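Try each task before reading its solution.

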Amino acid sequence: MVDTTLVQKWETPLHVQWAELSEQAAIDSVNYSSGSALGFIYLRGIAGDTAFTKAVASVLDSDIPTQPKQTVYTKPAAVLWLSPDEWLLVCSYAEKNDLLQKLQTALKGVYAQVVDNSGGFMLMRIHGNDATTILRHISPYNFESLQTGQCVQTIAKKTTVVVVKVAENDYAFIFRRSFADYLWRILQKTAKPYGYALQKKWQFSETDWQRYTA
């Protein structure tokens, strides 16, 4: 279990850039907001290995997604398919150590890898009528083809991102913390012709995760 005081003190990597910007109510065009403290766990294994899938299912109480772009919501975490042998688990930061330990214990002796990358990633929410257009400006991926509940690992300008379509024109945008300033400047510039609003205090709750279920 993580010390809750650390979670309460958590700041988005963009808190310095956003310090002088006013928080605004959501508008129709584009809205940006940073999620709360989250855990990011990378899981690798062989999807066809029964020992692997059963061990993971015993922790998540659900089978992991095995189809491209598929996401599965479980009580401990949202599970995002990234490749045939790679998944990203996104969970509450306060619970991530417990989840990590359970996975490592269950997978002991199994050909698999579990890595905590919570300190290296962040999540931003991008939503509004022009959200898909904004993503189309900065990435070559055809986001119109992405169905609600699906995810994709692609590139945005010069960095890798994971994008989950939570609802129509509503996306979770996951990327490395070290690229936060770089991507924020690009997102800010790209949205300028459309107008954008910033919600600094948005929290990504378990209710939101439930909307990920494919």
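**Exercise 1.** In this predicted model, find which residues of helix H4 (residues 96-106) are buried, and work out how they are arranged around the helix axis.

*Solution.* 
- Step 1: The buried residues of H4 are Lys96, Leu99, Leu100 and Leu103.
- Step 2: Look down the axis of H4: these buried residues fall within an arc of 100 degrees, so they line one face of the helix.
- Step 3: Finally, look for the cover over the buried residues of H4, which includes strand E2 (38-45), helix H3 (50-60), strand E5 (86-92) and strand E6 (112-116).

**Exercise 2.** Describe how helix H5 (residues 131-138) and helix H6 (residues 180-191) cross.

*Solution.* 
- Step 1: The two axes come within 10 Å and cross at roughly 120 degrees.
- Step 2: That angle makes H5 oblique to H6.
- Step 3: The crossing of H5 past H6 is right-handed.
- Step 4: H5 brings Ile134, His137 and Ile138 to the contact, while H6 brings Ile186, Leu187, Thr190 and Ala191.
- Step 5: Sorted by class, this contact has five nonpolar residues, two polar ones and no charged ones.

**Exercise 3.** Is Thr159 buried or exposed, and which residues does Thr159 touch beyond its neighbours within four places in sequence?

*Solution.* 
- Step 1: Locate Thr159 in strand E9 (residues 159-167).
- Step 2: Its relative accessibility is 5%, and buried means under 20%, so Thr159 counts as buried.
- Step 3: Beyond those sequence neighbours, Thr159 is in contact with Thr154, Phe179, Tyr182 and Leu183.
- Step 4: Take Tyr182 from that list: Thr159 and Tyr182 are 23 residues apart in sequence and 9.3 Å apart in space, C-alpha to C-alpha.

Key. Residues numbered from 1 in each chain as written. Predicted model: local features only at pLDDT ≥ 70, side-chain atom pairs only at ≥ 80, totals over all residues. Heavy atoms only, no water. Buried < 20%, exposed > 50% of the residue type's maximum accessible area, 1.4 Å probe, protein only. Helix = DSSP H or I, 4+ residues; strand = E, 2+ residues; numbered from the N terminus. Arc of directions from axis to C-beta. Contact = heavy atoms within 4.5 Å. Axes fitted to C-alpha atoms, helices over the stretch in contact; angles between N-to-C directions. Parallel < 35°, antiparallel > 145°, perpendicular 65-115°, else oblique. Left-handed = near helix turned anticlockwise from the far one by under 90°. Nonpolar A, V, L, I, M, F, W, Y, C, P; charged D, E, K, R; others polar.
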